Amino acid sequence: MHKRILRFFLVLIVLVFALWCKMRWGVWFHNPPEEPYAPLTQPGRVLLTFGEDEQSRLVSWQCDSVLHPSWVELVGPAGDTLRIEAKGEIFASRSGRAAYYIARLDRLSQSGSYAYRVATEGRTSDWYAFRVFPSGPRPISFLFIGDVQDTIQGATNRFLRQALARHPKCELTISGGDLIERPTDAYWAEGFRNIDSLGQFMPLLAVTGNHDYFKGIIPRMERRFDLVFPYFLRAAVRDNRVYTLCYGNVQFFLLDSNRRPHQLWQQRRWLREQLHQSRAQWKILVLHHPLFSIKGNNNLVQRWMFNDLVEEYGVDLVLQGHEHAYARTTRKEKDGTPTTPVYTVSHCSPKNYRIQFDDRFDRFGISSRYYQIVETTDTVLTLSAYNVGDHSLYDSLRIVKNFPSEAQCVRIDDQGRFMPEYMKYTPLPGNKKDSKFKERIEHYCQTHPEKLFVK
């Protein structure tokens with residue numbers, strides 16, 4: 001009798017597991033097909049990013065399906081013109097092939113405005129311009145965007161233009177991953193429409209997101225990603241797309257949080273070495289998966305791998321995406337006083353997730369999209385979050401510290417605590433998950449009477 005009962009439960013477990021796998025199979029393993037495509041006949045998909053230091057730039061573009069002599073025409077601040085040869089590579093995807101080119105603009109020691117265009121065998125792009133600022137520690141300002149990925153008919157490009165028009169001091173843009181929906185030519189085309197007239201004029205740095213990978217037992221990254229964001233070609237550690245850049249008074253550390261534990265361990269060793277060597281006034285870590293998840297106990301491996309280093313080496317700010325909502329938290333001293341690091345989760349995709357309201361977080365935002373402006377001085381880092389819809393200020397926090405000092409004192413000025421949290425949510429009729437999420441929202445609002453809410 002006992003054996004029969006045991007067999008029954010084993011069979012039941014196997015059936016439940018099989019049913020669960022069937023339901024999740026597409027999430028884990030389905031990659032959308034790539035429609036056949038033709039390469040660009042004129043140089044296009046031009047992207048400006050950084051090289052190995054703050055005074056070098058990389059320019060990447062695509063043109064034709066065979067390699068041709070290609071170059072960048074660069075006009076410096078003094079009016080001198082240079083021709084910089086580009087290296088090309090053919091990339092063949094599942095449904096097409098195209099030639100990609102990379103030109104390295106190294107040691108742009110003259111600060112000022114540069115004009116450039118790319119050329120492939122006499123075919124040229126439009127003229128673009130960018131600025132190079134004096135090297136060394138100085139205050140900076142930059143724009144951070146979380147996940148974009150979905151096609152929303154040009155809305156992303158419009159809001160990015162508006163955001164940068166409102167914040168003209170921004171010198172670069174950083175993406176927290178999932179800039180595209182999936183690795184197909186059509187989604188890459190949409191991604192470049194999103195950053196059109198921005199990515200050619202202002203350097204863009206992006207970390208890898210899970211949507212940038214092919215799904216599978218072992219997720220796989222296309223070579224195309226590296227040809228678009230070529231700073232990974234020299235900076236990668238084994239097969240980990242990591243990168244660090246000292247820019248102004250900030251050092252950025254970019255991680256590839258999508259990898260398996262042994263690869264994350266390789267990144268941990270790299271990060272420890274880079275943080276140990278860093279003498280930057282401000283240290284900012286960028287990765288896709290939040291170290292402290294707002295969807296429950298997710299991303300524990302990433303937290304175990306990296307968070308102790310983040311705390312040990314005085315990282316000031318951790319910028320993250322992946323979980324489509326807004327959240328911000330700070331590390332707490334034993335007496336509850338907030339201190340660094342500050343962690344934010346953000347996105348600007350039309351897709352929103354149902355989240356958990358963990359009290360370790362200081363602030364949330366749901367059912368909307370957000371972007372961040374980060375500004376630094378010698379002693380203050382200001383993080384400001386804005387609502388994509390009307391560009392209204394949604395959250396604001398200042399990290400104040402004396403630097404350099406052996407007895408470094410850090411103070412957190414949380415101006416966001418006086419601002420209402422956006423908690424509007426309309427569940428779909430009959431959707432149990434939506435109804436439960438609505439209940440969680442109501443419980444969170446009721447148990448935090450000290451906060452202001454928009455409901």
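Q: How many side chains of each charge does the protein have, and what makes them count as positive or negative?
A: This predicted model has 60 positive and 49 negative side chains. Lys and Arg count as positive, Asp and Glu as negative. The centres of the two sets lie 6 Å apart.

Q: Why is the protein called as compact as a globular protein of its length?
A: The protein has eight helices and 27 strands. Its radius of gyration is 23 Å, and the globule rule gives 23 Å for 455 residues. The two values are close, so the protein is as compact as a globular protein of that length. Along the principal axes, the C-alpha trace spans about 85 × 55 × 40 Å.

Q: Why is T156 called buried?
A: Buried means under 20% relative accessible area. T156 has 1%, so T156 is buried. This residue sits in helix α2, which covers residues 155-166.

Q: What is T156 in contact with, leaving aside its neighbours within four places in sequence?
A: V148 and N194. Contact here means heavy atoms within 4.5 Å.

Q: What share of the residues counts as buried?
A: The share is 55% of the 455 residues. The cut-off is again under 20% relative accessible area.

Q: How much of the accessible surface belongs to carbon and sulfur atoms?
A: The accessible surface comes to about 21,000 Å², and 55% of that belongs to carbon and sulfur.

Q: What part of the contacts with a separation of 6 or more joins residues 24 or more positions apart?
A: Such pairs account for 69% of those contacts.

Notes. Residues numbered from 1 in each chain as written. Predicted model: local features only at pLDDT ≥ 70, side-chain atom pairs only at ≥ 80, totals over all residues. Heavy atoms only, no water. Helix = DSSP H or I, 4+ residues; strand = E, 2+ residues; numbered from the N terminus. Rg over C-alpha atoms; globule rule 2.2 N^0.38 Å. Buried < 20%, exposed > 50% of the residue type's maximum accessible area, 1.4 Å probe, protein only. Areas by Shrake-Rupley, 256 points an atom, 1.4 Å probe, with all protein chains shown as cover. Charge placed at Lys NZ, Arg CZ, Asp CG, Glu CD.
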